[in-house]
Amino acid sequence: MGQRTRLVLSRMLQALPALAGVVIVSFALTRMLPGDPAVYFAGPAATEQSIAQIRVAMGLDLSLPMQFLHYARDLLMGDLGNSLSTGQPVLEELARRLPASLELTLTALLLSCAIALPLGVTAAVHQGSWIDHACRALVTAGVSLPTFFTGIALIYVFYYLLGWAPAPLGRLDFVYLSPPDVTGFYVVDALMAGDFETAGGAMRQLILPASTLALFTLAPIARMARAAMLEALSSDYIRTAKAAGLSQRKIVYFYAFQNAMLPVITTLGMVFSFTLGANVLVEKVFSWPGIGSYAVEALVVSDYAAVQGFVLAMAILFVALNLVIDIVYTLVDPRTRSTT
Amino acid sequence: MFLEVDHLAVSFATRRGKVAAVRDVRFSLAKGETLGIVGESGSGKSVSAYAIMQILDRGGQLESGRIQFDGMELNRYTNREMRDIRGREISMVFQNPRAALNPIRKVGHQIEDVLRRHARTSASGAKSAAIEAMRAVHINQPEKRYHSYPFELSGGMSQRIVIALALACDPRLLIADEPTTGLDVTTQKVVMDLIAELTRSRGMSSILITHDLGLAARYCDRIVVMKSGEVVETGTPDGLFHAPANAYTKRLIRATPRGGIGIGDLVDPPRQAPQRPAIGAPLLQVRDLRKTFGKGVNTVTAVDAVSFDIHAGESLGLVGESGCGKSTTSSMIMRLADPTSGEILLDGRSLTDTPASRFARDPRRTSLQMVFQDALASLNPRFTARQSIADPIRRLTRENADGRTEELAGQVGLPVELLDRFPHQLSGGQNARVGIARALASRPRLLILDEPTAALDVSIQAIVLNLLADLRADLGITYLFVSHDLHVVRLLCDRILVMKKGRIVEEGDAQRVMSNPTHEYTRTLLDAVPSLPNLKI
Amino acid sequence: MADRQSVAPPIAPARTRRLLGHAVYVIGDNPITAIAFALFALIIGVAVFGPLLIPFDPLETNASRALMPPSLDNWFGTDNLGRDLFSRVIIATRLDLMISVAAVALAFVVGAAMGSAAGYWGGWIDIVTGRLIDTIMAFPLFVLAMGIVAALGNTVENIIYATAIINLPFYARVARAEVRIRRDSGFVQAARLSGNSDLRILALHIFPNTLPPMMVQISLNMGWAILNAAGLSFIGLGVRPPTPEWGIMVAEGANFVVSGEWWLAFFPGLALMITVFAFNLLGDGLRDIVDPRQRT
């Protein structure tokens with residue numbers, strides 16, 4: 001166990017350069033504003049004097065390395081600046097809205113994995129069958145769907161035409177009260193409070209946006225699962241297992257599947273990247289009060305501190321997710337253990 | 001008969017429709033007998049074995065044939081029924097042992113899987129049974145190895161695990177499909193001896209599938225020769241080698257390098273070996289050459305204080321197993337890599353003064369050329385044969401590229417009409433000729449031959465070796481022949497160096513090294529290479 | 001082997017014919033690839049000849065004909081300002097394609113150069129490129145593009161740059177990997193022995209061999225680039241109204257879907273989907289031609 005702990009720690013250390021890169025790029029992005037940021041932040045009615053004041057206040061009179069140090073110090077203290085439009089600290093707003101985004105993203109990922117993995121594996125095991133062709137068609141169509149368009153199409157069909165889904169306006173219909181805040185996930189919180197009606201209401205709101213996002217992430221996962229499974233099934237060790245008379249179940253679901261999961265785990269990093277991006281679009285379509293729609297609103301009114309804070313938050317979240325993938329991979333594949 | 005295969009036909013579904021891989025194959029095997037199935041690539045020898053086991057690759061189908069195994073008609077068995085046969089009655093050992101094991105499962109557990117599948121052990125006794133199976137194949141400290149993953153084991157050790165896995169349930173027939181291909185000759189001998197010992201002591205029958213006639217001759221009671229999906233001849237090693245009835249068998253035996261023959265005896269009809277050119281002054285001198293990789297504690301010394309001379313007109317053999325440093329040495333001489341220390345001199349002038357990265361523009365680039373191991377991989381896939389041969393002519397000489405290319409094609413026996421083909425449109429032998437022509441283009445004085453025939457079937461190897469001997473006689477080029485196979489090297493070389501772990505352990509006249517080796521390692525090497533009986537046909 | 005030798009004619013025109021024959025064979029074998037090629041041709045045709053095909057001025061408003069469903073006059077219906085949606089969808093093709101083609105071309109040129117150099121020379125070039133790529137990949141890519149456009153300014157050029165930057169890692173990685181596996185291959189060593197300089201080896205011997213996988217990557221990424229660019233304009237970045245562009249048209253139409261006017265968002269969305277679908281199919285088809293083993 002000691003060796004594994006060491007490995008996990010070393011993987012965490014290896015995430016530091018990525019984190020540093022993220023901070024440097026976000027700093028660069030804040031300094032790339034067109035024109036003089038001080039002029040911009042001072043507003044249209046600014047005088048020379050007030051611009052100079054703001055410049056000093058923002059530290060823009062310092063050298064670039066010093067500016068970076070200030071920026072990094074502010075980050076460490078959790079200071080992402082204040083939103084121009086609401087005047088609230090960006091970090092607070094992001095923290096308040098993050099659970100909504102996470103609830104949506106995680107539900108979508110669970111949903112798509114639950115469908116894509118069995119689909120890809122079955123398609124590979126029955127290569128050339130109708131399920132294989134269906135999988136191929138679904139995969140190609142799936143990566144071609146613009147998320148925002150899928151979302152709108154689902155709203156039209158399930159809300160306007162069929163009336164099955166509630167209005168695409170946020171996490172909970174106004175007839176319900178928000179459940180007590182424990183995890184921040186409405187469905188979980190409501191269930192924990194024993195309020196099944198609210199849980200149902202939250203679930204109904206969640207199902208369309210989560211399906212939209214899941215449809216988008218389904219394709220890459222199914223594609224990779226199928227390809228990895230095909231590769232595993234045609235490898236030498238499967239032939240050895242067959243020649244030793246191992247059962248079909250053992251060969252497919254232990255030998256091949258376990259090996260096929262390795263590239264799939266790696267692909268999940270890319271899928272997370274796509275999901276977090278598509279999340280922004282889905283939140284806008286469904287007026288979902290997460291950090292994505294916050295960023296879109298901020299973009300419209302050119303609220304830069306809010307947008308940069310959002311980009312940084314997403315990047316840190318993504319680095320963390322990648323770290324989790326890395327650790328899982330290390331624990332699953334013995335070959336990575338000896339090379340550290 | 002214990003195993004009887006009759007009228008076996010297998011086809012594969014391809015994009016161009018059904019292609020027959022094996023036709024009307026028949027052979028039989030007695031209890032306790034070892035049968036060799038010998039043939040060159042594409043002869044259908046492996047497919048026949050897979051058909052018996054019903055583990056054909058996707059698209060493969062048993063068209064017809066009867067497979068009778070100890071009274072059971074295996075060809076009528078369903079896949080489900082075959083699963084009880086595989087591993088318990090008939091087992092198989094494959095080539096490339098490291099890929100043949102599940103990379104993310106402990107080897108002990110993989111053996112347990114087989115034992116438990118065939119109900120040879122209870123859950124609690126599985127571990128000790130697996131360790132017992134590992135001990136049976138002479139694995140040291142099996143309790144410790146039980147927890148190893150395949151990537152932690154050497155090729156030879158992995159093959160023992162595969163054998164342990166195959167023999168764990170005491171099957172009555174073992175099929176070994178090229179079990180030693182890719183292993184070093186010394187490991188090859190250990191693995192083959194192990195298989196022979198275990199099958200004999202357990203009274204098992206076995207089938208050895210190999211491209212190596214020598215291997216089959218040493219280990220088999222009877223041999224089946226296959227060609228293009230058909231059996232051409234069956235017989236005992238003695239009968240087959242002394243009086244082959246079939247023309248193809250005769251050609252195959254003739255082309256296999258063996259003791260006591262000259263290079264001209266490899267081809268049919270035999271010819272006089274070409275004259276060896278006169279040996280002149282030292283052309284290339286290697287002085288105290290060293291090459292290390294890595295830093296600090298991880299330093300690996302690939303080449304360690306190597307010194308030797310090559311005289312003009314001479315053909316020198318450099319022999320050793322994989323990882324002995326022979327390839328590193330040759331790429332330093334070719335000026336593709338820089339030595340860590342030491343010197344290489346051409347005509348007494350230092351070559352190593354010019355770093356490898358700038359040697360492309362050195363006027364002496366023309367003097368040193370090389371023929372690569374895998375001819376196909378050494379040709380740019382997007383260049384025609386003409387472009388490949390013309391490239392060095394244009395870069396290194398002022399000669400007319402078209403005229404010279406055709407002249408070279410003539411010299412290596414490549415028909416001019418093939419010059420506009422791409423590598424994938426040429427056969428292995430033709431690609432080898434293109435590679436040789438390109439190496440000759442700049443009229444080099446020293447040619448390094450880096451295992452030039454290792455990827456070729458023996459019949460083509462025989463032709464290429466003779467071509468090289470002719471070119472040497474005609475052009476007076478000096479050769480450095482790098483190879484793992486002493487018997488091949490002997491045919492072409494005057495003198496032999498034997499390398500082990502970066503050092504030269506033996507050096508001497510080719511005949512003397514072969515007949516009377518002084519170093520222990522050379523003897524091991526010679527002993528490990530299975531060769532055909534010393535005969536003339 | 002023998003029959004192959006007897007059929008292959010040696011002259012150059014025959015080689016072209018054979019290549020064509022192979023392409024025809026692959027397309028005939030896989031009708032889906034044929035559909036992809038046809039769709040691709042159609043899209044290019046619409047982008048080039050768009051202005052000649054449209055019945056109405058895409059910017060002309062007409063309050064009396066606002067929100068009309070599809071009809072014989074207005075095939076795709078009209079929007080809330082009475083503009084003809086068919087004309088707008090057709091005209092938008094060129095802008096959408098231009099953005100993604102420019103972005104992918106930029107990403108390909110820079111990425112391939114960076115990746116090839118890193119793969120061939122290794123050392124510090126490889127380390128620096130690798131760090132840069134890793135840093136880009138440490139962001140969720142669409143989010144990074146949002147941040148870049150927000151920081152650089154809200155213009156179409158910046159959409160192109162942002163899309164190029166998030167596409168760059170894919171090309172750099174493929175180029176690096178493809179060059180690296182060939183760097184020490186037999187034919188490259190032979191080229192060295194033939195007196196070729198490093199640059200010449202990289203440009204004339206290695207790079208042409210990496211082109212087929214790169215082409216596949218281009219085709220697969222093009223669809224993704226179109227989706228990203230459209231996504232950016234969907235959230236209000238880059239293209240400004242009233243310029244016709246698919247992403248922004250879907251965004252404008254989204255407000256009307258809840259009240260049943262589906263056609264505003266449907267037709268631009270469909271155009272977007274078909275275009276991306278065509279590129280993805282084309283990529284799969286090209287992969288089949290380049291490497292049949294990777295067929296998925």
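Residues are called buried under 20% relative accessible area, exposed over 50%, and partly exposed in between (1.4 Å probe, protein chains only). The model is predicted: local features need pLDDT of at least 70, side-chain atom pairs count only at pLDDT 80 or more, and totals for chains, interfaces and linings use all residues. Residues are numbered from 1 along each chain as its sequence is written, chains are lettered from A and ligands numbered from 1 in the order in which they are written, and side-chain values use heavy atoms, without hydrogens and water.

Chain A has 15 helices and zero strands. Helices (H or I, at least four residues) and strands (E, at least two) are DSSP runs, numbered from the N terminus. The C-alpha atoms of chain A fill a box of roughly 85 × 55 × 40 Å along the principal axes. Of the 340 residues in chain A, 48% are buried. Contacts (heavy atoms within 4.5 Å) were examined between residues at least 6 apart in sequence; in chain A, 72% of these join residues at least 24 apart. Chain A exposes about 15,500 Å², with carbon and sulfur atoms supplying 67%. Accessible areas come from the Shrake-Rupley method with a 1.4 Å probe, and for residues only the protein chains shown count as cover.

Chain C has eleven helices and zero strands. Buried residues make up 55% of its 296 residues. Among contacts in chain C between residues at least 6 apart in sequence, 71% join residues at least 24 apart. The accessible surface of chain C is about 12,300 Å², and 70% of it belongs to carbon and sulfur atoms.

Chains A and C meet through 49 residues of chain A and 46 residues of chain C. The buried area, meaning the accessible area (1.4 Å probe) that two parts lose on being put together, summed over both, is about 4,000 Å² between these chains. Carbon and sulfur atoms give 78% of that area. A:Phe148, A:Phe149 and A:Leu299 supply 14% of the area that chain A buries against chain C, more than any other three residues. Helices H2, H7, H8, H10, H12, H13 and H14 of chain A each supply at least two residues to this side. By class, the side holds 38 nonpolar, seven polar and four charged residues. Here Ala, Val, Leu, Ile, Met, Phe, Trp, Tyr, Cys and Pro count as nonpolar, Asp, Glu, Lys and Arg as charged, and the others, Gly among them, as polar.

A salt bridge is a side-chain nitrogen of Lys or Arg within 4 Å of a carboxyl oxygen of Asp or Glu. Two residue pairs are in polar contact across the A and C interface, both at pLDDT 80 or more. A polar contact is a pair of N or O atoms within 3.5 Å; within protein, one must be able to donate a hydrogen and the other to accept it, and residues adjacent in sequence count only if both atoms are side-chain atoms. C:Leu144 lies in helix H6 (residues 141–152) of chain C. C:Leu144 is buried, at 3% relative accessible area. Not counting residues up to four places away in sequence, C:Leu144 touches A:Val25, C:Ile136, C:Phe139 and C:Ile166.

The contact between chains A and B takes 22 residues from chain A and 26 from chain B. The buried area is about 2,300 Å², of which carbon and sulfur atoms give 59%. One salt bridge crosses this interface. B:Asp113 pairs with A:Lys250, the closest N and O atoms being 3.3 Å apart. Eleven residue pairs are in polar contact between the two chains. Helices H11, H12 and H15 of chain A each give two or more residues to the side that touches chain B. That side has seven nonpolar, eight polar and seven charged residues.

Over all chains, 53 salt bridges are found. A:Arg97 and A:Glu297 form one of them (3.9 Å, N to O). A:Arg97 sits in helix H6 and A:Glu297 in helix H13 of chain A, 200 residues apart. A:Arg97 is buried at 14%, whereas A:Glu297 is partly exposed at 47%. In chain B, B:Arg445 and B:Asp347 also meet in a salt bridge (2.7 Å, N to O). Both lie in loops, so the pair ties together parts 98 residues apart in sequence. B:Arg445 is partly exposed at 35%, and B:Asp347 is partly exposed at 43%.
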